[in-house]
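Take a look at the structure first, and then we'll go through it pair by pair.

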Amino acid sequence: MHKEILINAGAGEIRVALVEDGKLCELFLERTIGLDDGPLKKRADGRHGHSLIGNIILGRVQRVLPGMQAAFVDVGLDRAGFLGAREARCLADLPGFDDERAPKISDCVHEGEEILVQVVKDPIGEKGARLSANVTIPGRLLVLVPNQPGIALSRRIEDEEERARLIALGENMLGQDNGALVPGAGYILRSAAIGANLADLKEDAERLAEAWRPVMTRRQSAAAPATLYHDLDPVERTMRDEVDASTTRVLIDDRAACEAARAYCSRTMPEAVDKIEFFAGPGMLFDLYDLEDEVERLTHPRVPLPSGGWITIEGTEALTAIDVNSGSFTASTGLEETSLAVNLEAAHEIGRQLCLRGIGGLIVIDFIHLNDADNIQRVLDVLVASLAKDRTPTQISKMSEFGLVEITRKRLRDPLFKLMTEGCRPCRGHGRTRTVASVSYELLRRIERAASAAPGKPILVRAAPEIVRWLEAHGEEVRPGLARRGAARVQFEARNEFTREGFDVGTLP
């Protein structure tokens, strides 16, 4: 497998594309406008596409609801965060309490109390962030669990001999602690720890201790709600979580981001430093594999299949429905063979699309009807294989007599189509149109492209008034970002004849 990571640190957003054998397999997007200090600084509120996941916050309990076995916690956002009893269990001090018996929420927290929580799901729609009181800090090899002593392993470590070896190393590390680690803390060994030695684990554990101590120091003087810890920025997080032995190279098209990636790898994973390359052109980074068009298509409901059939992906408040259609394809051997061929293509593509689009919750797939039980099992096997690399917890049901397969995939944040589009008023809610922000980010990329093609020349942008207003409202961040990307002289002109998605970018003499 030939795996490459492309990081486009543009003027308005950071996009990370994972490409295997020339094909896009994962996409991460984090918007940066709204930050105080450029593309590599973190933001606490999670708006405009910024993820809150991993943030550790000193919150205040607003309400305790025994009927729901949950509490709502003020974490400084528009909506209070949701803390379930199971996620609050580490706050309970009950005789005989164990993992098999979740405590009552009233045994864990009470109204007005200040508690330390971590965001495990971003706010989605009308729902606030999902919280856990069992906070963790991930490192390259280990995950620090301050409230839970002992050693545990990632489920992705499957080899029994390696599991036994790593558990022994972890226990040895705790036994040899000379005060450099967090007292009473536990650790989860990540899949990246496969093959690591004791010195590697100790070094990572000591770095995690250095990250945890400031959290406890800040807690002493902070007033709730206050964010005490941010996870790494998108570039460093990509290095930590995505770069492995199968990664052949990491291409980054921004010098500051490239240096940040190299600095992080020098500290934590020096073997990866030589894989990082600065992309200086020609052209734009995502042009290497024609990714721009593919990313744009991720908001479209229809996905073509090689045979001429297609799948249609439609999201609702309750679930995501996926329909499989054979289109014009017919196999000469009969209906069952036609249905099987299209279903196999669909099953292979569906796993990829769920990951790329960030779809979670309940997913229902309407496959083309099959009669042969062996053929049904083949389709399910391909579907399972297509989701095998997905690190997001997923469960797949058997196929019903109506050809339906249900999938549950943990929902961590809004899917891509909700981030990039909104309900279309003229069509009375039956369609969606791209948001002002999404069009503005595309326009910024178009400006970068024009600046790359004509270095040093001033650029004139004509766009719809609402787009120009958005860009000017964020001018203090937009213009320095464009200058950093080689577009120092840009003039915006609002034109009523342009629709929201229409604009023109040209150079001036």
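Let's start with R237, which is partly exposed because its relative accessible area is 22%. Keep in mind that this is a predicted model. What does R237 meet in a salt bridge? Its partner is the side chain of E30, with 2.9 Å from N to O. The pair ties together parts that are 207 residues apart in sequence, since E30 sits in strand 3 (residues 23-31) and R237 in helix 4 (residues 234-242). Is E30 buried or exposed? With a relative accessible area of 12%, E30 is buried; the cut-off for that is under 20%.

Next up is a pair between two strands. R249 and E277 form a salt bridge, and their closest N and O atoms are 3.9 Å apart. R249 belongs to strand 14 (residues 247-252) and E277 to strand 15 (residues 276-278), so this pair links distant parts of the chain, 28 residues apart. R249 is partly exposed, at a relative accessible area of 26%, and E277 also counts as partly exposed, at 34% relative accessibility.

Then there's R462, whose side chain meets that of E493 in a salt bridge (3.7 Å, N to O). R462 is in strand 24 (residues 459-463) and E493 in strand 25 (residues 490-494), so parts 31 residues apart in sequence get tied together. R462 counts as partly exposed, at 27% relative accessibility, and E493 is partly exposed too, with a relative accessible area of 25%.

| Salt bridge | N to O distance |
|---|---|
| E30 and R237 | 2.9 Å |
| R249 and E277 | 3.9 Å |
| R462 and E493 | 3.7 Å |

Why can such pairs form? Side chains of opposite charge can pair when their charged atoms come close.

How many salt bridges does a search of the whole structure find? It turns up 37 salt bridges. Some residues join up in a network of salt bridges: E13, R15, R31, E292 and R445 are linked that way.

Now for the cysteines. The whole structure has zero disulfides. C25 is in no disulfide, and the nearest cysteine sulfur, that of C355, is 8.4 Å away.

Notes:
Residues are numbered from 1 along each chain as its sequence is written. This is a predicted model: local features need pLDDT of at least 70, side-chain atom pairs count only at pLDDT 80 or more; totals for chains, interfaces and linings use all residues. Side-chain values use heavy atoms; hydrogens and water are left out. A disulfide is a pair of cysteine sulfur atoms within 2.5 Å. A salt bridge is a side-chain nitrogen of Lys or Arg within 4 Å of a carboxyl oxygen of Asp or Glu. Helices (H or I, at least four residues) and strands (E, at least two) are DSSP runs, numbered from the N terminus. Buried means under 20% relative accessible area, exposed over 50%, partly exposed in between (1.4 Å probe, protein chains only).
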